[in-house]
Amino acid sequence: MLKFNIKSFLLSLLFLGSLIYIALFVNDQFVRPFLGDVLVVGWLYLFAKSFIKIKNSTLANSVLLFACMIEVAQFFNLVTLLGLQHIKAARIIIGSTFDWLDILAYGIGWACILLIEFYRFKSKQL
């Protein structure tokens with residue numbers, strides 16, 4: 001089940017670099033709040049795929065579930081409930097604002113993963 005995948009790891013670093021760039025230098029109404037959430041699902045998927053060898057759809061579903069659980073934690077204001085509101089890293093990682101559009105973004109990221117993996121698998125069969 002555990003197996004290092006260098007290709008997925010390098011791609012995850014590319015995604016992480018993009019996410020860091022967006023967080024530091026982009027301040028708009030679409031890329032940072034929405035596209036960033038789409039990319040986060042891709043980054044989580046690639047990072048997990050770097051170390052865990054399981055069925056692609058199972059991993060994609062697990063990442064979507066994890067992302068949605070974080071959003072639900074924001075709905076219930078988990079950062080404050082845990083007394084971590086004064087810790088900036090906790091507010092960034094867990095988040096502090098629930099938004100239905102974030103769940104839509106996660107769903108789009110999940111669908112992109114499934115489509116990419118499906119077509120990647122199909123092209124290997126040819």
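**Exercise 1.** Sort the lining of the largest pocket by residue class.

*Solution.* Start with the classes: Ala, Val, Leu, Ile, Met, Phe, Trp, Tyr, Cys and Pro count as nonpolar, Asp, Glu, Lys and Arg as charged, and the others, Gly among them, as polar. The lining then splits into 16 nonpolar, five polar and six charged residues. Next, look at the source: this is a predicted model, where local features need pLDDT of at least 70 and side-chain atom pairs pLDDT 80 or more, while totals for chains, interfaces and linings use all residues. Residues are numbered from 1 along each chain as its sequence is written, and side-chain values use heavy atoms, without hydrogens and water.

**Exercise 2.** Find which helix gives the most to that lining.

*Solution.* Helices here are DSSP runs (H or I, at least four residues), numbered from the N terminus. The answer is α2, with seven residues.

**Exercise 3.** Describe how α2 and α6 pack.

*Solution.* First, take the axes, which are lines fitted to C-alpha atoms over the stretch in contact, with angles from 0 to 180 degrees between N-to-C directions. The axes of α2 (residues 31-49) and α6 (residues 100-125) come within 8 Å and cross at roughly 45°. That makes the pair oblique, the class left once angles under 35 degrees (roughly parallel), over 145 (roughly antiparallel) and 65 to 115 (roughly perpendicular) are set aside. Finally, list the contact (heavy atoms within 4.5 Å): among its residues are F34 and Y45 of α2 and Y106 and W110 of α6. By class, the contact holds 12 nonpolar, two polar and five charged residues.

Notes
Helix = DSSP H or I, 4+ residues; strand = E, 2+ residues; numbered from the N terminus.
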